[in-house]
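The sequence and structure are shown first.

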Amino acid sequence: MRVTLFVALTVAACLGAWAQPAETLTDGSFEAVGEDGLPEGWRLTPEGAASIQSGDAPAGERWLHMVKPEGASHTLAYQRVAVKPDTGYRLRAWLRAPQASYYSLVAYDARMNTLASKPTGWAVLEDWVELALDFRTRETDSVISVGLLAYGPEAHWDGVRMWEDDSVRIGDLTPAVNERAEPTAVERERGFMVFGRKANDFVGARYAPTRWDCHTPIRGVCPPGEFETIVVGIHALRDLAGVRAEVRMFEGRLSGPATPPPIDAELLRVGYGRQALNSQAWVRYPLLLLPPHGVDVAAGDTLQYAVRVRVPDDYAHPHRLLAVDLRSEGARTSIQVIVDVPRVRLDRADATFFMYYSDSYLPEEMATAPMQAAYCRDMAAHGMNSVSLYVMPERATDGGYAIDLHHDLRYPASDARHSLGMAERIAQMQAAGLAGRERPLILLSGGGGLYDWGAFRDPGSVRELMRLGGTLGWPPLLFYMHDEPNLPERVEAVRRTYERVYADIPEARTVTAIGDYGIEQVGDLYDVWIAGLSAIDQELIERAEREGKELWAYDCRQRGQRPEFDRFVCGLWAWRAGVSGVGQWAYYAEEALGRTGDGGWEVPQDFDGWYMMPSEDGPIATVGWEARREGIEDYRALCTLEGLVAGRADEAAARGRALLARARAIAAVDAFADGPRDWRYVWEYQFAPDASARAMSDLRLEMLDVIEQLQGR
Ligand SMILES: [Ca+2]
Ligand SMILES: [Ca+2]
């Protein structure tokens with residue numbers, strides 16, 4: 001320590017003494033230009049990549065314009081600065097990045113290794129955004145470099161500031177929520193408090209229950225034929241080892257003469273994911289519903305279980321009681337869970353709900369035929385009524401093309417997926433209830449290049465598939481014709497493929513993910529437009545209607561980590577916007593999740609696996625995946641209620657109309673239109689301020705009540 005301090009003081013002396021907090025950096029605002037025409041105090045790599053620009057600066061008058069030269073991988077502006085060892089610092093910089101890429105605010109150590117960084121993720125920043133990096137130096141650090149790193153073709157930087165603040169903490173910064181209620185003697189004795197939440201209303205890892213939480217009965221609502229996920233929380237008052245839980249039928253009753261028949265109930269443990277705040281600090285958040293293996297819980301932490309129930313179709317009793325048995329070391333307790341079963345029938349969804357799913361992302365051993373059949377069942381059990389079908393059935397022959405229904409020609413014969421052709425895959429989907437006759441199936445064929453999906457080589461192939469589909473009872477096929485025609489060369493490819501393959505087959509319906517530019521250029525060549533959520537507003541809805549196109553919506557940025565997003569987009573918003581389809585990228589698109597030696601599952605850091613984790617025990621849901629089903633149930637309740645109130649003037653119908661008006665007020669058609677195109681969208685973006693899990697559950701509860709009345713059962 002003594003040595004380190006000595007070095008630190010020496011370096012500081014060389015640099016001209018410790019700077020005052022606000023002036024740690026030399027010209028962080030880029031106001032001064034040296035004789036070389038470059039900003040003073042800054043080093044640049046590669047050389048000559050920068051200039052100083054004037055006007056529209058977030059700090060002062062000028063800003064730094066970094067332009068990546070031909071052949072360079074990145075640009076970096078950096079400045080050396082003396083620091084104290086083992087001390088907290090706050091670093092800020094404004095960034096504007098007109099083109100999508102990765103950007104990062106970095107603190108490098110003396111050897112230019114990364115000490116701490118705040119990456120933006122893949123981002124386009126059309127307006128200035130302030131990046132913040134709060135970090136701590138190590139015992140060995142006396143000089144660091146503040147770095148502005150960009151992989152994109154250009155980056156605009158300004159207002160770089162750094163100051164010492166030893167209150168900066170790193171590591172697990174999960175916030176504690178609530179002043180914890182005073183535990184009772186019983187709770188103190190067993191070491192934990194127990195509380196319940198609304199369906200899918202998961203809380204943070206350090207949520208402390210209030211007395212109200214602990215006293216409110218743990219209750220869920222689930223009509224016959226539906227699912228519900230009821231949250232049971234355990235707040236540890238001391239370190240707990242090996243907490244285990246089981247769910248069972250509780251043979252009691254709230255009312256009625258007979259004990260009701262059992263329902264399906266499954267207990268899952270909520271695994272926390274880690275959201276990196278920067279490279280030194282993170283927060284935990286509820287992410288995966290894991291098998292309930294025993295787990296240790298630190299004092300002050302909250303462990304959550306999800307009781308996933310399904311009520312049989314013909315269930316005629318108004319309730320079912322369950323018990324969750326909890327064990328921790330010597331302590332045991334049993335918690336009662338009430339499942340209310342309103343006697344309502346919700347209409348089937350009249351829009352297409354689907355996940356983008358390609359087995360090419362799965363490790364081969366997780367893509368066997370039985371596993372893929374299980375994924376189809378899992379999608380159907382989460383409310384989906386369709387799925388994307390990525391497969392290549394078009395085989396080149398001597399002088400032409402032929403359809404091969406029994407092989408996926410994307411894979412070599414040595415890969416097990418090669419022998420799962422279109423026929424087998426659609427049969428799996430049909431068996432799971434994912435591919436009915438009324439909802440279309442999106443066919444993404446081919447894969448000659450990244451954006452070549454749907455580029456059949458021959459019109460005969462399309463005709464043959466449509467003929468076979470009719471014979472085999474397939475759903476109507478939607479032919480995906482190239483991906484995202486948002487650049488001139490892709491637009492040209494669409495036009496060529498259309499002329500070659502589809503122009504003379506008007507009955508073949510075509511689809512792609514498309515934006516304003518694509519619609520302008522080739523929108524008329526498609527039957528279904530799948531627009532990104534942020535592109536959808538009243539104008540686009542009206543345009544689609546005017547031009548006789550079906551409008552679907554999709555998102556590709558959420559990853560199952562924000563259940564309120566998933567529920568809202570599939571529920572209130574889909575109903576309000578009146579879109580004919582809602583898709584999400586992706587069911588699975590990354591390898592992740594490792595198994596620990598004791599047979600338990602651990603959530604990986606910085607999870608990137610999207611909505612489902614494959615495992616030997618079957619698909620593992622994210623909380624967002626669970627919430628999509630609830631959103632679709634909201635959607636179905638809204639449509640059911642809308643149908644029931646039509647043409648009725650009684651008091652129940654008036655109540656129903658008031659609920660529909662409430663739903664409309666929560667969900668604006670353009671709720672996503674001002675969404676940022678960067679990391680804030682994933683974590684911080686408030687798409688609809690009133691669409692909390694609680695608000696959506698309360699609304700649904702009231703809707704079910706009115707539906708029950710109107711259906712008169
Ligand atoms: Ca400036
Ligand atoms: Ca439900």
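## Helix packing and nonpolar cores

Helices H10 and H11 cross in a right-handed sense. In this predicted model, their axes lie 7 Å apart and form an angle of about 20°. Because angles under 35 degrees count as roughly parallel, H10 is roughly parallel to H11. On the H10 side, the residues that make the contact include Pro563, Phe565, Phe568, Val569, Leu572, Ala574 and Trp575. H11 contributes, among others, Val623, Ala627, Ile632, Tyr635, Leu638 and Cys639.

The chain as a whole is divided into three domains, listed below.

| Domain | Residues |
|---|---|
| Domain 1 | 2-168 |
| Domain 2 | 185-340 |
| Domain 3 | 352-615 |

Between the centres of domain 2 and domain 3, taken over C-alpha atoms, the separation is 35 Å.

The largest nonpolar core comprises 159 residues. Within this core, the residues with the most contacts are Val307, Val324, Met355, Trp529, Ala574 and Tyr587. Helix H11, spanning residues 623-645, supplies the largest share of the core, namely 10 residues. The core lies between domain 2 and domain 3, because both domains give residues to it. Another core, of 42 residues, lies apart from this one and has Phe30, Ala82, Leu95 and Val160 among its members.

How values were computed. Residues are numbered from 1 along each chain as its sequence is written. Chains are lettered from A and ligands numbered from 1 in the order in which they are written. This is a predicted model: local features need pLDDT of at least 70, side-chain atom pairs count only at pLDDT 80 or more; totals for chains, interfaces and linings use all residues. Domain bounds come from an automatic or database domain assignment. A nonpolar core is a set of buried Ala, Val, Leu, Ile, Met, Phe, Trp, Tyr and Cys residues joined through C-beta atoms within 7 Å. A residue is buried if 20 or more other C-beta atoms lie within 10 Å of its own, exposed if 12 or fewer, and partly exposed in between; C-beta atoms are placed from the backbone. Helices (H or I, at least four residues) and strands (E, at least two) are DSSP runs, numbered from the N terminus. Axes are lines fitted to C-alpha atoms, for helices over the stretch in contact, and angles run from 0 to 180 degrees between N-to-C directions. Angles under 35 degrees count as roughly parallel, over 145 as roughly antiparallel, 65 to 115 as roughly perpendicular and the rest as oblique. A crossing is left-handed if the near helix is turned anticlockwise from the far one by less than a right angle, and right-handed if clockwise. Two residues are in contact if their C-beta atoms, placed from the backbone, lie within 7 Å.
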